[in-house]
Amino acid sequence: MSAMLPVPADTAPRLAAVLGSSMASIQGAENALGLPPASAAVVVLVDGLGASNIQARSGHARFLAARMAKRDVIRTVFPSTTAAAIATFATGRAPGEHGLVGYRVLDAAHDRLVNQLNGWDAGMRPETWQRVPTLFETMGEAGIRGYAIGSSRYADSGFTHAVLRGAEYRPAASIADRFAEAERIVASGERAVVYLYIPELDQAAHAHGWESDRWLALLEGVDAELAAFERRMPRGAGLIVTADHGVIDVPAHRHVFIDAKPELLDGVRHVGGEPRCLSLYLEPGLDSSARVELVERWRSAEGHRAWVLSRDEAIDAGLYGPVDTEVRSRIGDIIIAARAGIAYYDRREANHQAEAMIGQHGSLSDEETRVPLIRGGVFSRN
């Protein structure tokens with residue numbers, strides 16, 4: 001293995017525990033996060049808001065920073081990307097179990113790469129590709145209402161059908177509108193878990209960088225909305241604020257073009273994943289010695305600034321959690337996870353829009369994998 005992996009094999013809380021613990025709090029049951037009993041729970045997931053991002057801009061996020069004590073930082077999944085992380089959040093299961101193991105992954109049955117966020121079609125049905133029941137479905141069986149609040153454009157998406165089935169989707173255009181809808185639900189007095197999704201910071205980070213004025217203004221707005229929402233919550237309701245991943249900025253001069261070294265692509269059929277975490281899928285006929293040689297070639301070229309692992313090494317290291325046989329082929333034969341502040345691109349791709357992105361994520365760094373677990377309402381009293 002090219003370098004020691006940074007994610008410890010410990011029992012620290014993970015993103016997988018958040019929604020299930022919130023549900024358990026309404027049942028008055030013990031839970032992984034130690035949440036006390038609550039009449040209702042609101043879980044706000046701010047896409048792309050890592051613990052390091054909050055710490056670095058604490059003066060602009062006083063509510064979030066003040067609440068983010070040492071214990072209120074958890075780990076997201078690998079790869080640290082939205083499709084894998086939100087699926088884990090919504091199911092309580094690892095990517096190797098639910099099956100969404102990255103951004104662009106191999107659909108072996110059709111010999112193609114598929115986008116796990118917006119590439120759903122008849123050949124990749126969300127009802128079966130995401131393989132496990134959601135926690136929202138479990139809530140319904142327990143007599144707890146599950147709600148998801150987000151933009152109307154996500155209401156009927158394949159990804160929503162894959163990971164939010166069992167929840168009643170409530171569309172709301174602005175961040176303020178989403179909090180207003182959450183307030184209406186918890187004020188009704190019903191036993192409910194409300195999932196509120198905020199993608200705007202991640203979108204701004206990709207387009208402008210998380211160190212931009214645009215991102216900072218959005219952070220201030222989200223922080224103010226959260227503080228005001230907590231003040232309006234019923235006394236017995238709990239609030240959790242978390243994220244799917246953090247973000248780092250990668251300027252254009254830190255781009256690495258893998259097509260510049262053809263020897264690294266000899267035997268590679270598909271280049272999947274995303275810029276900070278490539279998944280290479282090899283030609284099916286490539287023999288084992290050639291596969292081992294290609295892994296070593298990547299380690300020699302990129303091991304000084306990336307973790308380079310074979311599929312077996314990544315699985316054995318537990319990066320994807322338990323991996324079902326059906327999911328195994330979706331994981332790259334070779335994984336290249338950026339360790340330095342770089343992003344990998346393949347200029348043979350027809351679409352070069354991704355090269356314009358500044359904010360990036362997907363790899364194993366602390367900046368990408370440490371996310372907040374901020375407690376409010378009745379949850380802050382424990």
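**Exercise 1. Which residues of H4 are buried?**

Solution. The model is predicted: local features need pLDDT of at least 70, side-chain atom pairs count only at pLDDT 80 or more, and totals for chains, interfaces and linings use all residues. Residues are numbered from 1 along each chain as its sequence is written, and side-chain values use heavy atoms, with hydrogens and water left out.

Step 1. Helices (H or I, at least four residues) and strands (E, at least two) are DSSP runs numbered from the N terminus. Buried means under 20% relative accessible area, exposed over 50%, and partly exposed in between, with a 1.4 Å probe and protein chains only.

Step 2. List the residues. The buried residues of H4 are Thr82, Ala83, Ala84, Ala85, Ile86, Ala87, Thr88, Phe89, Ala90 and Thr91.

Step 3. Find the surroundings. The buried residues of H4 pack (contact: heavy atoms within 4.5 Å) against helix H1 (18-27), E1, helix H5 (95-98), helix H7 (135-141), helix H8 (158-163) and strand E7 (192-198). Just after H4, Gly92 takes a positive phi of about 75°.

**Exercise 2. Describe the place of Tyr195 in the largest nonpolar core.**

Solution. Step 1. A nonpolar core is a set of buried Ala, Val, Leu, Ile, Met, Phe, Trp, Tyr and Cys residues joined through side-chain atoms within 4.5 Å. The largest one has 103 residues, and Tyr195 is among those with the most contacts inside it, together with Val18, Val44, Leu49, Leu64, Phe89 and Val163.

Step 1. Tyr195 lies in strand E7. Its relative accessibility is 3%, so Tyr195 counts as buried.

Step 2. Leaving aside neighbours within four places in sequence, Tyr195 is in contact with residues including Val43, Leu45, Ile86, Phe89 and Phe136. Tyr195 and Val44 are 151 residues apart in sequence, yet their C-alpha atoms are 5.9 Å apart in space.

Step 3. A second, separate core has 20 residues, including Leu282, Leu294, Val308 and Ile334.

**Exercise 3. Which strands pair with E8, and how is E8 placed?**

Solution. Step 1. Two strands pair if DSSP finds at least two bridges between them. Strand E1 (residues 41-46) runs parallel to E8, with 5 bridges joining them; in E8, the bridge partner of Val43 is Ile240.

Step 1. Strand E18 (residues 374-377) runs antiparallel to E8 and is joined to it by 4 bridges. In E18, Arg375 is the bridge partner of Ile240.

Step 2. From E8, Gly238, Ile240 and Thr242 point one way and Leu239 and Val241 the other way, and all are buried. With 5 of its 5 residues (238-242) buried, E8 is therefore largely enclosed by the rest of the structure.

**Exercise 4. Describe the open sheet of 4 strands.**

Solution. Step 1. The order is E11-E12-E14-E13, with antiparallel pairing.

Step 1. Strand E11 (268-274) and strand E13 (306-310) stand at the edges with a single partner strand each, so one side of each is left without a neighbour in the sheet.

Step 2. E11 pairs with strand E12 (residues 277-282) over 6 bridges in the antiparallel sense, and Gly273 stands opposite Leu278 in E12.

Step 3. Helix H12 (residues 288-302) packs on the sheet, touching E11, E12, E13 and strand E14 (334-338). The direction of H12 makes about 175° with that of E13, where axes are lines fitted to C-alpha atoms, for helices over the stretch in contact, and angles run from 0 to 180 degrees between N-to-C directions.

**Exercise 5. Where does the chain take a cis peptide bond, and where does Asp111 lie?**

Solution. Step 1. Most residues other than glycine have a negative phi, and most peptide bonds are trans.

Step 1. A cis peptide bond joins Phe78 and Pro79, with omega about -5°. Pro79 is found in the loop between strand E2 (73-75) and H4.

Step 2. Asp111 is not a glycine but has a positive phi of about 50°. Asp111 lies in the loop between strand E3 (104-107) and strand E4 (112-115). At 35% relative accessibility, Asp111 counts as partly exposed.
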